Amino acid sequence: MASLALETFIDETVRLSEQNGYHPTTFIGMRQRHGTVKAISRLMESGDVQSGFKRLQELGLLDWTIEAAVIKFPAEFSPATRECAEFRLRLAKVDANAHPT
């Protein structure tokens, strides 16, 4: 079960996403079916960089991705999930430095 702080962070992530024209319907559905921690863990460990991550990166909202949530609330996730989140965020930063806007 996710902490109130994590749930609040994810609620704000969804709100900011929608405010910026991105509606994370797949994630919202997964969250309703599996709960916040399990939904995030499944997406992190899938091996694919999710379209939502790419979209939030384009919007300048990397600090509000589910990857950022994993880093912000590490005790709620497995080491494998944390490793995946850290890897994706590192790649995004390398990409941003290689292709500055």
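Does Thr81 count as buried or exposed, and at what relative accessibility? At 0% relative accessibility, Thr81 counts as buried. Buried here means under 20% relative accessible area, exposed over 50%, and partly exposed in between (1.4 Å probe, protein chains only).

This is a predicted model: local features need pLDDT of at least 70, side-chain atom pairs count only at pLDDT 80 or more, and totals for chains, interfaces and linings use all residues. Residues are numbered from 1 along each chain as its sequence is written, and side-chain values use heavy atoms, with hydrogens and water left out.

**View 1. The whole chain, built from helices.** The protein chain has six helices and zero strands. Helices (H or I, at least four residues) and strands (E, at least two) are DSSP runs, numbered from the N terminus. The C-alpha trace spans about 40 × 30 × 20 Å along its principal axes. With 101 residues, a compact globule would have a radius of gyration near 13 Å, and the chain agrees at 13 Å. That radius is taken over C-alpha atoms; the globule rule is 2.2 Å times the number of residues to the power 0.38. Of the 101 residues, 39% count as buried.

**View 2. The largest nonpolar core.** This core has 18 residues. Such a core is a set of buried Ala, Val, Leu, Ile, Met, Phe, Trp, Tyr and Cys residues joined through side-chain atoms within 4.5 Å. Leu6, Ile10, Phe27, Ile40, Ile66 and Phe77 have the most contacts inside it. Two or more residues come from each of α1 (4-19), α2 (25-34), α3 (36-44) and α5 (66-72). The most come from α3, with five residues.

**View 3. Around Leu6.** Leu6 touches Thr36, Val37, Ala69, Phe73, Glu76 and Phe77, not counting residues up to four places away in sequence. Contact means heavy atoms within 4.5 Å.

**View 4. Helix α3, mostly covered.** Seven of the nine residues of α3 are buried. They are Thr36, Val37, Ala39, Ile40, Ser41, Leu43 and Met44.

**View 5. Thr81 and its surroundings.** Thr81 lies in helix α6 (residues 79-98). Leaving aside neighbours within four places in sequence, Thr81 is in contact with Ser41, Met44, Glu45 and Val70. Thr81 and Ser46 are 35 residues apart in sequence and 9.8 Å apart in space, C-alpha to C-alpha.
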